[in-house]
Amino acid sequence: MSEAPPKIGDDAIRGTFHRRHLPSPAVAFSSAEGKAIFAKALQGGFLNAYFRLSETFTTQGHPSFCSLGSLSMALNALLIDPHRVWQGVWRWFDESMLDCCQPLDVTRLKGLTLANLACLAHCNSAEVALKFGDSISEEQFRDDVKAATSSAPDNGEGISERFTVMVVCYNRQRLNQSGSGHFSPIGGYEEESDLVLIMDVARFKYPPHWVPLKLLYQALQDIDSDSGKPRGYLLLRATDEMHRSCSACSDRCGQSSGDDAAVSASDAPSIKDKVAAVLAQNDPLPFLRG
């Protein structure tokens with residue numbers, strides 16, 4: 001009896017992952033139940049955001065780029081012209097272009113805070129409303145979800161002034177998911193079951209999924225250790241104004257010039273030293289972001 005051929009690349013992929021099981025109470029978007037929820041949400045009029053966002057759905061390009069992936073997806077869904085070339089002759093937002101508030105090398109190491117992302121969105125021509133979890137009630141959050149998912153994306157002449165994209169910053173652990181802080185856009189809402197559609201930009205990890213709004217609200221309350229503030233969400237709209245200066249980032253983000261909004265490239269070496277120290281302990285789990 002011949003021996004089974006060896007599996008190619010076992011050593012190379014040991015300790016790595018191909019997707020994660022989506023734990024309850026989340027409902028996978030493509031499951032039979034997920035499709036039924038989608039149909040009810042569509043009938044209820046709370047999927048307007050989904051169709052525009054699905055046209056620009058992004059997989060974050062690095063485990064720490066959930067914020068940048070969510071923002072580039074949102075800016076493209078809002079049809080904002082970056083007035084910069086992405087590739088060839090095309091102007092299109094990409095994560096690599098979102099570095100005016102913090103160098104990409106720093107973001108790879110420590111991600112972004114909610115206030116950082118609000119500043120970055122403003123610098124790239126979005127109208128921004130930042131809401132921390134402790135500043136809003138569950139009912140206010142529900143109202144904002146309904147407004148964002150039911151706003152009409154098109155007024156017949158292009159993007160509607162009312163069209164809003166919501167990007168949430170939440171603690172995955174509240175949803176029984178692996179990881180901690182994460183960003184993703186909200187694509188829909190089903191009123192009867194009170195479920196929210198998270199269009200998860202870490203698509204290598206979890207598919208888009210429905211979660212109870214009450215649980216997601218709780219996931220907005222946890223403190224982000226990097227900022228010392230609760231998590232929360234952004235409401236983004238297109239604006240005709242063009243912003244290119246980050247000189248007022250600290251004021252706009254509500255942070256002093258010594259906080260995260262003012263992180264510079266010179267901070268990167270000390271962060272890298274901390275990363276190296278943890279990796280030397282053979283414990284990469286703190287850096288399995290997304």
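This is a predicted model: local features need pLDDT of at least 70, side-chain atom pairs count only at pLDDT 80 or more; totals for chains, interfaces and linings use all residues.
User: How many helices and strands does the protein have?

Analyst: Ten helices and nine strands. These are DSSP runs, numbered from the N terminus: helices are H or I with at least four residues, strands are E with at least two.

User: What order do the strands of the open sheet take?

Analyst: Seven strands, in the order E1-E6-E5-E4-E3-E9-E2, with antiparallel pairing. Two strands pair if DSSP finds at least two bridges between them.

User: Which are the edge strands?

Analyst: E1 (27-28) and E2 (126-132), each pairing on one side only. E1 pairs with E6 (residues 209-212) over two bridges. There, Ala28 stands opposite His209.

User: Which residues of E5 are on which side?

Analyst: In E5 (residues 195-198), Leu195 and Leu197 are on one side, and Val196 and Ile198 on the other. Buried means under 20% relative accessible area, exposed over 50%, partly exposed in between (1.4 Å probe, protein chains only).

User: How many bridges join E5 to E6, and E4 to E5?

Analyst: Four bridges join E4 to E5, and four join E5 to E6. Both pairs run antiparallel. Tyr189 stands opposite Val196, and Leu195 opposite Pro212.

User: What about the hairpin of E4 and E5?

Analyst: Four residues sit between the strands, and Asp194 takes a positive phi near 55°.

User: Which helices pack on the sheet?

Analyst: Helix H4 (residues 66-77) lies across E2, E3 (165-171), E4 (181-190) and E9 (232-238), at about 40° to E4. Helix H6 (residues 114-123) touches E2, E3, E4 and E9, and its direction makes about 165° with that of E2. Axes are lines fitted to C-alpha atoms, for helices over the stretch in contact, and angles run from 0 to 180 degrees between N-to-C directions. Contact means heavy atoms within 4.5 Å.

User: Is Asn76 buried or exposed?

Analyst: Asn76 is buried, with a relative accessible area of 4%. It lies in H4. Not counting residues up to four places away in sequence, Asn76 touches Thr56, Trp92 and Phe93.

User: And where does Phe65 lie?

Analyst: In the loop between H3 (48-54) and H4. Phe65 counts as buried because its relative accessible area is 5%. Beyond four places in sequence, Phe65 touches Gln60, Glu95, Leu104, Thr107 and Arg108. Its C-alpha is 8.9 Å from that of Ala202, 137 residues apart along the chain.

User: Why does Gln43 count as exposed?

Analyst: Because its relative accessibility is 72%. Gln43 is found in H2 (residues 32-44).

User: Changing topic, which residues line the largest cavity?

Analyst: Leu98, Asp99, Cys100, Cys101, Gln102, Leu112, Asn116 and Leu120. Five are nonpolar, two polar and one charged.

User: How much of the protein is buried?

Analyst: Of its 290 residues, 48% count as buried.

Conventions. Residues are numbered from 1 along each chain as its sequence is written. Side-chain values use heavy atoms; hydrogens and water are left out. On a 1 Å grid over the protein atoms alone, a cavity is a set of points where a 1.4 Å probe fits but cannot get out, and a pocket is an open set with protein on both sides within 12 Å along at least five of seven lines; lining residues have an atom within 4 Å of a point. Ala, Val, Leu, Ile, Met, Phe, Trp, Tyr, Cys and Pro count as nonpolar, Asp, Glu, Lys and Arg as charged, and the others, Gly among them, as polar.
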